Amino acid sequence: MTFPWLTFLGLLPLVGGLLLLLPMGKGAARTLGLVFSIATLAVAAGVTVLHVTGADLAVQVPWIRAFGAWWALDVDGMGLAMVLMTAILTPLVLLAEWEPPANRWGAQAFFALVLILEGLSLFVFMANDVLLFYLFFEATLIPTYFLIVGFGGARRGYAAVKFLLFSLAGGLIMLASVVGVYVVGASQGAPSYLLQDLASVRFDGDLGRWLMLGFLIAFIVKAPMVPLHTWLPDAAENSTPGTATLLVGVLDKIGTFGMIKFCLGLFPEASLWITPFMVWFAVVSIIWGALGAIGSRNLMRLVSYTSVSHFGFMVLGIYAFTTTSMTGSIFYMLNHGFSTAAMFLVVGYLAKRTGSYDIEAYGGVQKVAPVAAGVLLVSGLATLSLPGLAPFVSEFMVIAGTWSRYPIVTAVSLLGVVLAAVYILRMYQRTMTGPVTDHTAAHFTGRDLTGLEKAIMVPIIGVLLFLGFVPQPAVQLVEPTAQATLAYVGTTDPAPVVKGAK
Amino acid sequence: MILLETIAEPVAATGMFTWAWTMIAVPAVVAGLLLVAGKLSDAWGHLLATAAVFWSFAIAVCLFAEQLLAPATERAVSANLYTWFTVGQWDFQVGLLVDQLSILFAMLITGVGGLIHVYSIGYMSHDPRRRRFFAYLNLFIAAMLLLVLADNYLVLFVGWEGVGLASYLLISFWQHRPAAAAAGTKAFVMNRVGDLGMLMAISTMLAMFGSSKFTEVNAGAAGTEPMWATLIGLFLLLGACGKSAQVPLQAWLLDAMEGPTPVSALIHAATMVTAGVYLVVRSHALFEAAPIAQLAVVIVATVTLLAGAWIGTSQDDIKKVLAGSTMSQIGYMMLAAGIGPAGYAFAIFHLITHGFFKANMFLGAGSVMHGMNDDVNMRHYGGLSKAMKVTFLTFAMGYLAIIGFPFFSGYFSKDHIIEAAFADNTFIGICALIGAGITAFYMTRLMLMTFFGEERWLPGVHPHESPKVMTIPLIVLAVFSVGIGAVMNFWIQTWLEPALGIHAHELSLVPTPVGWMTMAVVALGVVAAWLVFGRSSIPVVAPATNNPVTLAGRNVLFGDQVNDFLFVTPAVALASAVDTTDAKGIDTAVDGLGRAFLGLSTQLRRLQTGYARSYALTMVVGVLLVGAVLILNLVG
Amino acid sequence: MMNPENYLILAAILFVIGALGVMLRRNALIAFLCVELMLNACNLAFVAGSHITGTLDGQTTAFFVMVVAAAEVVVGLAIIVSIYKTRRSTSVDDANLLKL
């Protein structure tokens with residue numbers, strides 16, 4: 001048996017997190033946490049190399065025979081993209097939160113929880129067994145809850161409980177479907193939770209639709225789509241920027257990830273049935289989120305609303321069922337992780353100086369802290385999908401791919417593109433430009449970004465720029481997932497209408 | 001289609017053409033370097049940036065020379081750089097197309113751009129953020145070159161957005177001024193509306209032709225269903241309207257004058273705003289397949305050329321008069337581009353001559369402002385011809401060029417457009433003719449208010465000529481304003497023939513009847529302006545008026561008010577509605593659910609009394625109930 | 001031979017008396033005795049049932065119940081004694097600590 005790389009990859013941060021729960025000095029804890037997160041990144045890089053070279057990384061060990069549950073891990077292009085994103089973001093988040101808010105628990109607890117969360121998320125993205133996925137899916141809630149409640153802002157209690165209740169409600173509905181999947185599988189001679197075994201099971205008719213809805217609702221809560229999104233702005237507003245990055249950048253991706261891997265992967269027929277509804281639902285999210293961002297008076301809320309809008313695009317791309325749009329969605333999941341991380345972390349830098357997330361508290365920062373303003377602008381431009389930055393490529397793929405099937409829906413969704421310019425540039429205009437306010441002068445003069453803060457932004461913006469100009473490696477990585485999913489669902493891309501007379 | 005067959009396939013790049021990419025890369029890299037290096041490059045940043053543009057210019061000239069030497073069918077050269085991404089059936093390459101059309105643009109952009117860089121060294125010499133200014137200018141040059149050199153619509157769109165970003169950054173360059181910051185945001189957002197059109201057009205092309213490459217789109221255009229061809233045309237027109245400040249997306253251009261004057265000259269007069277014209281001409285095959293879209297272009301162009309001229313007549317801010325004039329002149333170009341094969345070459349011709357004389361006048365206006373403590377109000381000028389001789393003389397060359405004084409460059413290019421318009425439709429032709437008259441009127445007004453009459457200078461203002469670094473670019477541009485028209489007049493059609501699939505018309509130096517008419521109308525405009533503004537003194541404060549024509553002109557035809565009413569107010573209302581729904585609607589429902597459960601459990605808690613006897617009673621009642629059910633079942 | 005159903009009726013009466021005693025009496029010892037009474041009413045029913053069906057199952061179960069009852073007496077009395085020691089009362093209403 002070859003070395004179980006994937007198990008090792010997921011366990012590494014978990015072990016690190018548990019180790020950090022032991023009593024030790026603050027300095028040692030932070031160093032240890034960073035070492036573990038970087039080691040995880042190294043292993044993830046190794047796994048990528050192995051995957052690209054064609055090695056079979058799948059782990060498959062019987063776990064609970066009575067349920068047909070397996071300890072089954074595997075990565076495809078999409079899973080690997082998510083794994084890499086998680087592994088890259090975690091050390092950056094740890095560095096950005098080197099000094100978490102001192103009023104509550106210490107840095108040690110923060111580092112431990114982040115590492116545990118990382119490990120659990122990695123397993124979520126690698127799980128190849130429905131029950132295993134479900135368990136890790138629910139398990140991620142625990143460290144997240146504590147990250148919000150232990151380090152958050154004024155209304156952290158409310159926000160944490162709201163987050164937990166929304167997620168648990170979705171999770172419970174999903175549990176019913178998980179049980180249902182086993183029952184149906186067993187009745188068709190495949191009493192197993194393993195995805196390969198379930199691929200041959202047919203979930204037809206109304207039953208299949210109900211089971212699919214169970215999964216879908218959980219993922220809709222997770223990938224927040226209107227109207228089940230209201231936990232996100234509260235949770236983001238009341239958590240530290242690092243937590244918000246992991247929450248929106250990594251955890252919410254489980255929603256769209258799950259739609260592709262489980263909703264489409266288990267219930268192709270039911271997914272096609274729900275498509276007309278989901279497409280419009282996505283458009284509503286796009287516009288709703290954008291309008292919410294325009295109306296936000298708090299920077300963290302603004303960024304989280306932009307994510308609602310962007311998740312709308314991802315869902316639109318998934319349910320348009322073309323190779324381009326779905327590849328775009330998966331690629332968007334990757335890019336969105338970095339662009340949101342950039343936004344949250346910069347906003348965090350600003351708030352660290354002024355102690356406020358309110359847009360009103362800023363004004364004219366550009367004059368006294370040009371680097372901070374520049375980094376915010378670049379992050380904002382990534383968020384509004386400016387060409388040259390990675391999100392543009394993915395957003396374009398979603399738009400162009402969806403257009404070939406649903407031109408009218410796409411045209412409506414494009415309103416979100418205009419509104420994106422409005423919410424980003426208005427925010428920038430109100431916080432960074434204009435005359436320097438007294439408040440800004442007092443907090444920012446001589447306190448532009450520090451070396452560490454700049455160093456954290458370099459890889460994030462670097463990735464965004466690189467994938468903006470050279471997206472091909474990432475697109476090639478994730479496209480097979482889209483192709484395989486579409487082949488399983490059984491749809492084909494629309495062919496060009498006019499044959500070019502070359 | 002006969003026309004299409006004449007378009008030669010581009011040949012692969014060899015020799016000098018393999019260097020084409022450095023035209024874009026060098027300014028882009030310099031821009032990045034200056035931004036990242038920060039204060040380290042303050043001392044030499046502007047010089048490096050200027051050198052980068054001249055590098056691009058040198059390459060462009062060399063390529064042009066090679067094209068001139070090559071046979072007509074081998075002048076168009078394509079250079080594929082790398083695979084951007086491939087997905088599904090679609091393949092997106094980053095490739096350059098250096099053909100007869102794009103090389104003219106490349107030379108205009110880098111040539112005028114280089115002169116404006118030189119001018120800016122002087123103009124921005126006292127600005128502490130000059131390095132940053134030059135970085136943005138270089139970013140603009142790179143993006144603009146990418147726009148015109150791209151060989152497919154998606155890469156063109158990257159450049160398109162890149163120039164939008166540079167424009168945003170430069171309009172709001174003096175960010176500490178709220179008006180500048182707001183103008184930048186407004187320009188970007190309105191351009192985004194146009195970008196929707198671009199995105200939809202590219203998406204439709206991909207759905208129709210499976211590619212966004214110019215060659216493949218052109219090849220497929222003739223076979224497209226009219227409905228889709230029309231839609232693509234209208235989408236492209238929407239994009240062009242945003243970028244080129246055509247009605248109804250015109251409102252940002254006047255505000256954009258908040259930017260430093262060299263920016264207005266380079267971006268908002270000579271190059272970026274003409275990108276819409278380039279787009280329409282580049283997409284000529286599509287428009288030829290869609291007469292309705294062509295008609296829309298003509299209508300938009302005609303409305304804009306009159307609207308811009310109208311605005312120009314009643315503004316007092318010298319830059320805003322020029323901005324209105326730019327709108328109007330681009331209207332002419334769009335008109336020519338919309339007319340069809342008869343007009344393409346003239347659209348490009350006017351675009352180039354306009355690029356020179358308008359940049360000349362903007363820089364001249366900058367020079368005036370430089371001497372007048374950055375005052376832009378023409379009512380505070382007057383009699384400057386004596387104080388600034390070089391500026392006055394160069395500005396006068398631009399003036400004569402724009403009104404179409406015989407044998408100045410505008411004379412050739414504008415007359416062709418008006419003639420083509422008459423050939424297309426008499427009504428449109430008359431509109432174009434009226435536009436020419438108004439142009440003469442407002443430009444004469446500008447000249448009279450600025451350079452002639454009594455001195456109305458504010459106290460403490462001592463007008464002086466600008467330094468050489470600013471006047472030399474002015475002189476160069478003035479020379480081009482005078483001569484470029486005559487040089488290109490007989491050559492431009494033949495040159496563009498293979499690229500655009502057009503057939504050259506016979507041109508003669510003897511004016512046609514329309515030409516005579518144009519001259520008469522222009523003379524009328526000049527005389528009218530002299531009668532109004534030349535004979536009597538000009539009040540220092542704009543006189544109050546109830547004249548609706550003047551009021552509309554002063555308020556930029558109420559574009560802002562219309563946009564506010566139609567878009568901004570509803571959007572703000574919707575945003576707050578979303579806010580309220582989230583907080584009061586969804587959250588109240590969710591919190592209410594939570595409270596309902598809390599209330600229920602509070603009630604249920606009462607059952608737990610702690611008295612063993614009451615528990616026992618509950619148990620007995622339960623047993624009895626179960627028993628009763630069982631018995632009923634047994635009986636039933 | 002008496003009608004075996006009479007035994008069942010007697011068992012039911014005894015059970016109801018026991019149940020009412022548990023619910024109505026406050027003295028923990030009396031309530032406890034009433035519980036025993038209910039258990040033994042059940043035993044009687046089991047034995048009667050055994051007689052009616054002619055099998056030994058009921059008799060066996062009765063033994064089980066006795067054993068459980070004995071164990072229960074041990075625990076229950078211990079609790080009552082300890083409550084009495086701390087509170088000087090054997091009223092069940094005084095011991096309402098189970099309330100939330």
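Which residue of chain B forms a salt bridge with A:K162? The partner is B:D587, with the closest N and O atoms 2.6 Å apart; a salt bridge here is a side-chain nitrogen of Lys or Arg within 4 Å of a carboxyl oxygen of Asp or Glu. The model is predicted, so local features need pLDDT of at least 70 and side-chain atom pairs count only at pLDDT 80 or more, while totals for chains, interfaces and linings use all residues. Residues are numbered from 1 along each chain as its sequence is written, chains are lettered from A in the order in which they are written, and side-chain values use heavy atoms, without hydrogens and water.

Chains A and C, in turn, do not touch, their nearest C-alpha atoms being 23 Å apart. Between chains B and A, 58 residues of chain B meet 64 residues of chain A, and two salt bridges are counted. About 5200 Å² is buried between the two chains, 69% of it from carbon and sulfur atoms; this is the accessible area (1.4 Å probe) lost on putting the parts together, summed over both. On the chain B side, B:W84, B:Q175 and B:R192 lose the most area to chain A, together 11% of what that side buries.

Now to the sheet of chain B. Its three strands form an open sheet in the order β1-β2-β3, with mixed pairing (strands are DSSP runs of E, at least two residues, numbered from the N terminus, and pair if DSSP finds at least two bridges between them). β1 (11–12) and β3 (90–98) of chain B each have a single partner strand, so one side of each lacks a neighbour in the sheet.

Key: Contact means heavy atoms within 4.5 Å. Helices (H or I, at least four residues) and strands (E, at least two) are DSSP runs, numbered from the N terminus.
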